[in-house]
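Colleague: Please walk me through this model, starting with any term I need for the strands.

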Amino acid sequence: MDYGNVLLSSSPSTVAQMESGARGQMRRNPTLICAPIMADMVDKMVVDTVKAKSSGADLVEIRLDSLKSFNPIDDLNTLIKHSPLPTLFTYRPVWEGGQYDGDETKRLDTLRLAMELGADYIDVELQVVQEFNELIRGKKPEKCRVIVSSHNYQNTPSVEDLGNLVARIQAAGADIVKIATTAQDITDVARIFQITVHSQVPIIGIVMGERGLMSRILCAKFGGYLTFGALESGLVSAPGQPMIKDLLDLYNFRQIGPDTKVFGIIGNPVSHSKSPALYNEAFKSVGFNGVYLHLLVDNLANFLQTYSSTDFAGFSCTIPHKEAALKCCDEVNPVAKSIGAVNCIIRRQNDGKLFGFNTDYVGAISAIEDGLRVSQNISSKTSSPLAGKLFVVIGAGGAGKALAYGAKEKGARVIISNRTYDRAKELANVIGGDAVSLAELGSFHPEHGMILANTTSIGMHPKVDETPIPKNALKYYSLVFDAVYTPKITRLLREAEESGAAIVSGLEMFIGQAYEQFESFTNLPAPRELFRKTMAKY
């Protein structure tokens, strides 16, 4: 599906959005940010509407179903009068994923009342919109716009079914169409993008869940009317909802437009990655029109085939997709081919072909060499301090292959250790090294002064108490490197330092390999000082 050549027109409604939502800022899109207000008391809701404005929201969604006690006339008047932002009233019933479990007539009458008292928007479920229309009998204040919504908590229907759903919602008299579906796979989001970009009416298209995250950010690229952003972490009104702070500061939401190029970190798991913070800050600093996202991908080939537009311009690959990436690319750099793993994919703008390469080994090996030089007071002018050293690599996946290849290139004697001995042996044979199983590694110490490099996810958040090797074995190593960088100091690194070894964090590898990726994404020099400054926050 090619989304790159669709032009988004500025209808009167989008112009109104630009005026109401810009808050004096230059922005590339008219998409509004709506903060759900879900307090259980009216007074707290009023406080939260003020907080929403200071956070940068354009409007608030008052979730009446979250209130413990509710006096419709008094409370609606209070909320409308004291909210510093335009108000959207939602009174979501249990049968549509909300908390209200009372009389339907009273619920719909409350929405009618909100409309009459001055609400800017109300949300009515498609399932009951006919009853609501009969209730108001065409008497709708000009100021108020009716959002007719449909929520699917199981899946995302086909494009044809979504198109039919939009037509039904439009026919029901909606001023704004809202469709929220659930992502079983990240490719489901493409169907919502297709519907959104071709919609003739204002539309809110959201895909719930972590696999649907990019729908909430890229709606600004594809012409969505609004997106939802939580005031605080955990206070979400639907699964996968980002915080307003992240929309504005992490993803530079206001600067996303129809021509914005999309990049991202492809992995599973992926939410822990700091790559979006690094690249989006760098994009902003150099004025590059791109956005970098977390992409929770199950099947890499399906993902790349679905998002084949040149607008989806480049990707970093992490666990477990580095080896699969090799097979998905049209062309692969010879070094990446030798390693057997790709950690960066570029989509060429002239022909859409995918080019894969590997920056892992440069970032990691350089960081390890620097660590050795500092800890052993070795001159940077001499040959690699890895030459002749026994270099133990834990893990035989993409990153393990990269480090084994890099260490061998520098003249090290390489040992591969892996939970599955056969995989360790296979890699060892390819690069001309030896293999030991992970179970044997604790008693493997043929000499002192060895180098250890963990390339697995053992010890990564949230399983921070795990380590791949017993502490008593670490005294035989002069330096220990851990590719994990969340947390920055893993249990392995902490115990290695306590055992007298120099340590190198995965953060060093992360920054080192990112330089080349940034330059490949943007054709601009990497802002190296900014990279270090950005990552120093974590």
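Modeller: Two strands pair if DSSP finds at least two bridges between them. Helices (H or I, at least four residues) and strands (E, at least two) are DSSP runs, numbered from the N terminus. This is a predicted model, in which local features need pLDDT of at least 70, side-chain atom pairs count only at pLDDT 80 or more, and totals for chains, interfaces and linings use all residues. Residues are numbered from 1 along each chain as its sequence is written, and side-chain values use heavy atoms, with hydrogens and water left out.

Colleague: Fine. Which residue in strand 16 is the bridge partner of I394?

Modeller: The partner of I394 is S417. Strand 15 and strand 16 (residues 413–418) run parallel and are joined by five bridges.

Colleague: And what about strand 18, how many bridges pair it with strand 15?

Modeller: Four bridges pair strand 15 with strand 18 (residues 450–454), again in the parallel sense. Within strand 18, L452 is the bridge partner of V392.

Colleague: How many residues of strand 15 are buried?

Modeller: Five of the five residues in strand 15 (residues 390–394) are buried, where buried means under 20% relative accessible area, exposed over 50%, and partly exposed in between (1.4 Å probe, protein chains only). In a regular strand the side chains alternate between the two faces of the sheet. Here L390, V392 and I394 are buried on one side of strand 15, and F391 and V393 are buried on the other.

Colleague: What does UniProt place at residues 383–457?

Modeller: An unreviewed UniProt entry places "domain: Quinate/shikimate 5-dehydrogenase/glutamyl-tRNA reductase" there. UniProt positions follow the numbering used here, feature names are shortened, and annotations may be inferred rather than shown by experiment. Over residues 383–457 the chain is 36% helix and 27% strand, with its end C-alpha atoms 31 Å apart.

Colleague: Where does UniProt list "domain: SDH C-terminal"?

Modeller: The unreviewed entry lists that domain at residues 506–535. This stretch is 83% helix and 0% strand, and its end C-alpha atoms are 11 Å apart.

Colleague: Which residues are buried in helix 20?

Modeller: In helix 20 (residues 528–535), the buried residues include F531, T534 and M535. They lie on the same side of helix 20, because they cover an arc of only 90° around the axis; the arc is that of the directions from the helix axis to the C-beta atoms. On the other side of helix 20, E529 and K533 are exposed. An α-helix has 3.6 residues a turn, so residues three or four places apart point the same way.

Colleague: Changing topic, which residues does a cis peptide bond join, with omega about 10°?

Modeller: That cis bond joins N268 and P269. P269 sits in the loop between strand 9 (261–267) and helix 10 (275–286). Another cis peptide bond joins I319 and P320, with omega about 5°, and P320 is in the loop between strand 11 (312–317) and helix 12 (322–328).

Colleague: One more backbone point: what is the phi of N252?

Modeller: N252 has a positive phi of about 50°, although it is not a glycine. N252 lies in the loop between helix 9 (244–250) and strand 9. N377 is also not a glycine, and its phi is positive, near 55°. The loop that holds N377 is between helix 14 (360–376) and strand 15.

Colleague: Is N377 buried or exposed?

Modeller: N377 counts as exposed, at 72% relative accessibility. N252 is buried, with a relative accessible area of 10%.
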